[in-house]
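Here are a few notes on the structure below. They cover a helix pair, a surface patch and the salt bridges.

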Amino acid sequence: MQTAVTSESVSRSGFAPPVDATASASSTAGVSVGLRRYSWFVVGWNIAVILWGAVVRATGSGAGCGNHWPLCNGEVIPTSPRIATVIEFTHRMMTGGAAFTVLGLLIWTFLATRSRHLARVTAVASTLLLINEAFLGALLVKLGYVVNNQSTGRFIVLPIHLANTLLLLAALALTAHFLARESGFMNGSVEYRFLGLSIIGLAATVAVGVTGSLAALGDTLFPAATLAQAFAQDLSQSSPWVLRLRWMHPAASVLAGLFVVGLVWVSGTREDPANKKLATWTIGLLVSQLALGALDVLLRAPNWMQILHLLGADIYWVALVVLAARIAIVPLGCPGGFCKFGFRA
């Protein structure tokens with residue numbers, strides 16, 4: 001699917017006229033190197049928070065601060081912490097740091113860009129998603145959906161939490177991407193191409209993350225001593241449903257991968273050297289994720305392997321989001337069905 005927004009249709013929709021090349025150059029010049037680098041630092045910091053959250057789950061440290069939030073065991077700073085308390089409290093401190101970094105990105109972006117800049121939209125979305133992230137994290141703690149809790153509510157809230165995390169990471173990555181673009185970054189100066197296919201590919205990848213979170217939780221709650229036992233768990237009607245549905249994660253991974261490869265193939269990415277390079281890296285990350293997933297199964301999902309797999313998934317997700325943005329959101333009137341972008345370091 002290819003949707004184009006022309007200058008005429010943009011004007012009729014109520015947007016301001018397209019931004020010309022001179023305006024684009026002058027506007028981008030106002031985005032400092034410091035802001036562009038800081039935006040990617042925020043992305044990296046949030047990936048670290050995600051990984052440490054996986055450490056909390058894998059080590060069963062989710063109740064390290066008791067049923068208290070935002071306090072930890074009723075204290076601002078725990079005075080006699082256990083190992084689980086240190087792990088959980090560290091995650092909360094990292095999350096607090098993420099809140100300050102995202103808020104700083106929001107303010108800096110609004111100060112450094114003109115109205116209609118797409119980075120403003122994604123910076124606001126990042127802030128709202130971060131607030132929702134904190135709410136969902138607090139909900140898990142207050143409802144006791146941690147450690148060995150096997151209630152149905154946990155299997156509902158956790159996937160929602162993971163989906164929100166991926167959307168937050170996507171919004172942050174898009175903010176960094178739009179701040180680095182020299183053209184086609186203003187609302188009303190872009191057109192949308194292959195938008196439907198891009199959204200399907202991204203949504204399918206979110207489904208991979210959600211099913212992966214359930215599979216990882218099942219591995220944590222119901223560990224198998226051998227690979228044969230793990231397969232027996234998947235096939236047994238007496239097994240918890242979260243184990244009998246583990247097959248959905250690899251199935252979703254393959255399906256999402258096909259959508260991504262299809263997006264790269266039909267979008268003309270091969271004609272743009274910069275997009276081709278990013279597409280090559282993205283496909284490479286996809287293949288490596290499939291390999292890590294298979295290795296994760298063979299090794300019966302040890303904690304270190306789950307975290308390594310999650311790190312690869314986060315990097316792949318960021319690369320895919322940026323690639324989709326470069327394919328689907330292009331400067332108005334680019335010839336030949338694709339656009340060459342200028343990017344600043």
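Is the crossing of α10 and α11 left-handed or right-handed?

1. The crossing of α10 and α11 is left-handed (the near helix is turned anticlockwise from the far one by less than a right angle; clockwise would be right-handed). This is a predicted model, in which local features need pLDDT of at least 70 and side-chain atom pairs count only at pLDDT 80 or more, while totals for chains, interfaces and linings use all residues. Residues are numbered from 1 along each chain as its sequence is written, and side-chain values use heavy atoms, leaving out hydrogens and water.

2. Helix α10 covers residues 248–266, and its axis comes within 11 Å of that of α11, crossing at roughly 165°. The two helices are therefore roughly antiparallel (an angle over 145 degrees).

3. Leu295, Leu298, Leu299, Trp304 and Leu308 make a nonpolar surface patch of about 480 Å² (residues with over 30% relative accessible area and no salt bridge, nonpolar side chains joined within 5 Å). Helices α11 (273–298) and α12 (303–328) each supply at least two of the patch residues. Leu298, in helix α11, counts as exposed because its relative accessibility is 53% (exposed means over 50%, buried under 20%, with a 1.4 Å probe and protein chains only).

4. The salt bridge count is two (a side-chain nitrogen of Lys or Arg within 4 Å of a carboxyl oxygen of Asp or Glu). One joins Glu88 and Arg92 at 2.9 Å, N to O. These residues are four apart in helix α4 (residues 83–112), so about one helical turn separates them. Glu88 is buried at 5% relative accessibility, and Arg92 is buried at 10%.

5. Arg193 and Glu191 also form a salt bridge, at 2.5 Å from N to O. Both residues are buried.

Notes
Patch = residues over 30% accessible without salt bridge, like charges linked within 9 Å, V, L, I, M, F, W, Y side chains within 5 Å. Areas by Shrake-Rupley, 256 points an atom, 1.4 Å probe, with all protein chains shown as cover. Axes fitted to C-alpha atoms, helices over the stretch in contact; angles between N-to-C directions. Parallel < 35°, antiparallel > 145°, perpendicular 65-115°, else oblique.
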